[in-house]
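Subject: Structure for you, with notes on the ligand site

Hi there,

Could you have a look when you get a chance?

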Amino acid sequence: MELSVDVLIVGAGPTGLFAAYYAGFRGLSMALVDSLPEAGGQVTAMYPEKMIYDVGGFPAVRGRDLVKGLVEQAAPWQPTYLLGRKAEALRETGDGLDVLLDGGDVVHARAVLVTAGIGEFTPRPLPAGDGWLGRGMVHFVPSLDAHAGQDVVVVGGGDSAFDWVLALHPVAASVTLVHRRAKFRAAESIVREARGLGVPLITDAEVAELRADASGALCEVVVTTKDGPQVVPAQTVVAALGFTADLGPIENWGLEIDHRAITVDSTMATARPRVYAAGDVAAYPGKVKLIATGFGEAATAVNNIAVALDPQAHLFPGHSSNVE
Ligand SMILES: Cc1cc2nc3c(=O)[nH]c(=O)nc-3n(C[C@H](O)[C@H](O)[C@H](O)COP(=O)(O)OP(=O)(O)OC[C@H]3O[C@@H](n4cnc5c(N)ncnc54)[C@H](O)[C@@H]3O)c2cc1C
């Protein structure tokens with residue numbers, strides 16, 4: 001793959017998605033790379049079903065709907081999405097930067113905006129699920145409809161596990177939660193809600209085996225409990241054991257990094273020319289890590305990039321409300 005864009009946005013979380021809109025608004029071509037298979041960053045990975053109450057203009061918005069709106073907002077500018085791809089290395093070229101992706105592809109960009117949040121997510125593995133990813137075991141539930149009428153086993157005891165339980169309960173034939181401890185990490189209110197719905201919560205238990213039917217499709221899960229093994233029907237297992245997040249290769253990009261965040265100035269510029277950062281990954285005194293903050297930083301970064309790429313350009317983009 002050979003791709004050349006004005007701005008490569010590393011991270012398709014809320015900040016990166018809004019930056020894509022702004023890049024388009026400034027007449028810049030853009031691509032977004034994200035190691036997750038879906039856009040939306042932490043919102044998609046960790047709390048798509050949760051309501052968010054502190055995004056300007058939305059008294060309450062479901063995580064999933066916020067991401068959908070951001071994708072729609074950027075769509076007129078036709079961003080290139082490189083999902084499921086990791087940005088590995090950055091090197092300067094005569095007229096910009098090359099970003100090397102896993103698998104060996106190179107994206108040439110005139111500027112790079114790093115919106116990598118808390119880093120690349122790696123789901124904590126479910127040992128018994130080895131080899132089952134994509135064959136009935138998932139770490140995310142991008143579409144609830146895909147599980148309509150299924151028996152689903154959710155593994156985990158935190159907020160995300162219970163969020164999936166509550167979201168899947170109305171559509172699935174059955175939902176069972178398996179947790180290896182007696183106590184849950186999740187908020188008491190959602191545990192109570194799940195109990196109130198009659199969701200079986202199997203505690204002090206571990207998923208020992210995933211079993212396939214004659215066609216090779218997942219059909220049941222063997223759970224070891226204090227009272228012996230229990231077989232639970234399952235066409236889907238949601239392994240909601242949390243994620244580890246790591247800036248990984250970005251730590252070697254020659255940027256100034258402190259406490260897993262990239263130091264930026266008031267234009268969102270980093271220590272390297274034509275490399276900017278915004279959102280959770282960007283650090284400066286007084287930084288508050290919120291979606292709203294990331295949106296403002298995305299606008300600041302992209303407008304400054306527009307000037308860096310064309311010194312004749314105005315920093316102020318004009319008001320979008322004046323655009324036909
Ligand atoms: C449970 C929970 C609830 C929250 N609730 C709220 C709330 O109510 N209000 C609020 O304002 N904030 C909330 N937050 C925080 C909010 O989600 C973050 O501030 C926001 O997601 C930051 O957006 P971002 O785009 O900067 O980074 P992220 O959302 O972290 O996205 C960064 C993306 O970059 C990708 N990435 C990283 N490194 C690479 C690489 N090398 N190559 C390719 N891709 C890479 C990652 O895969 C990720 O998708 C919450 C967070 C959590 C965990």
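**Around the ligand**

Let me start with Y47: an N or O atom in the side chain of Y47 is 2.5 Å from an oxygen atom of the ligand. Please keep in mind that this is a predicted model.

The side chain of D34 has an N or O atom 2.7 Å from an oxygen atom of the ligand. How much of the ligand's accessible area does the protein cover? On its own the ligand has 1,000 Å² of accessible area, and the protein covers 86% of that.

As for where the ligand is, it sits in the largest pocket. The shell around the ligand has 30 residues, and the closest are T15, D34, Q42, Y47 and D54. Sorted by class, that shell holds 13 nonpolar, 10 polar and seven charged residues.

Which elements supply at least two residues of the shell each? They are α1 (14-25), β2 (30-34), α2 (41-46) and β9 (120-123). Of these, α2 gives the largest share, with three residues. Q42 has its place in helix α2.

**What the record says**

The unreviewed UniProt entry places a "binding site" feature at T15, D34, Q42, Y47, A87, F121, D280 and S321. These positions are spread over 307 residues of sequence, and in space they are up to 36.6 Å apart between C-alpha atoms. From this set, T15, D34, Q42, Y47, A87, F121 and D280 are part of the lining of the largest pocket.

The unreviewed entry in UniProt also gives the feature "domain: FAD/NAD(P)-binding" at residues 6-292. That span is 18% helix and 34% strand, and its end C-alpha atoms lie 25 Å apart.

Happy to talk any of this over with you.

Best wishes

Key:
Residues are numbered from 1 along each chain as its sequence is written. This is a predicted model: local features need pLDDT of at least 70, side-chain atom pairs count only at pLDDT 80 or more; totals for chains, interfaces and linings use all residues. Side-chain values use heavy atoms; hydrogens and water are left out. UniProt positions are given in the numbering used here, feature names are shortened, and annotations may be inferred rather than shown by experiment. Helices (H or I, at least four residues) and strands (E, at least two) are DSSP runs, numbered from the N terminus. A residue is near a molecule or strand if one of its heavy atoms lies within 4 Å of it. A polar contact is a pair of N or O atoms within 3.5 Å; within protein, one must be able to donate a hydrogen and the other to accept it, and residues adjacent in sequence count only if both atoms are side-chain atoms. Accessible areas come from the Shrake-Rupley method with a 1.4 Å probe; for residues, only the protein chains shown count as cover. On a 1 Å grid over the protein atoms alone, a cavity is a set of points where a 1.4 Å probe fits but cannot get out, and a pocket is an open set with protein on both sides within 12 Å along at least five of seven lines; lining residues have an atom within 4 Å of a point. A molecule sits in a cavity or pocket if more than half of its atoms lie within 2 Å of its grid points. Ala, Val, Leu, Ile, Met, Phe, Trp, Tyr, Cys and Pro count as nonpolar, Asp, Glu, Lys and Arg as charged, and the others, Gly among them, as polar.
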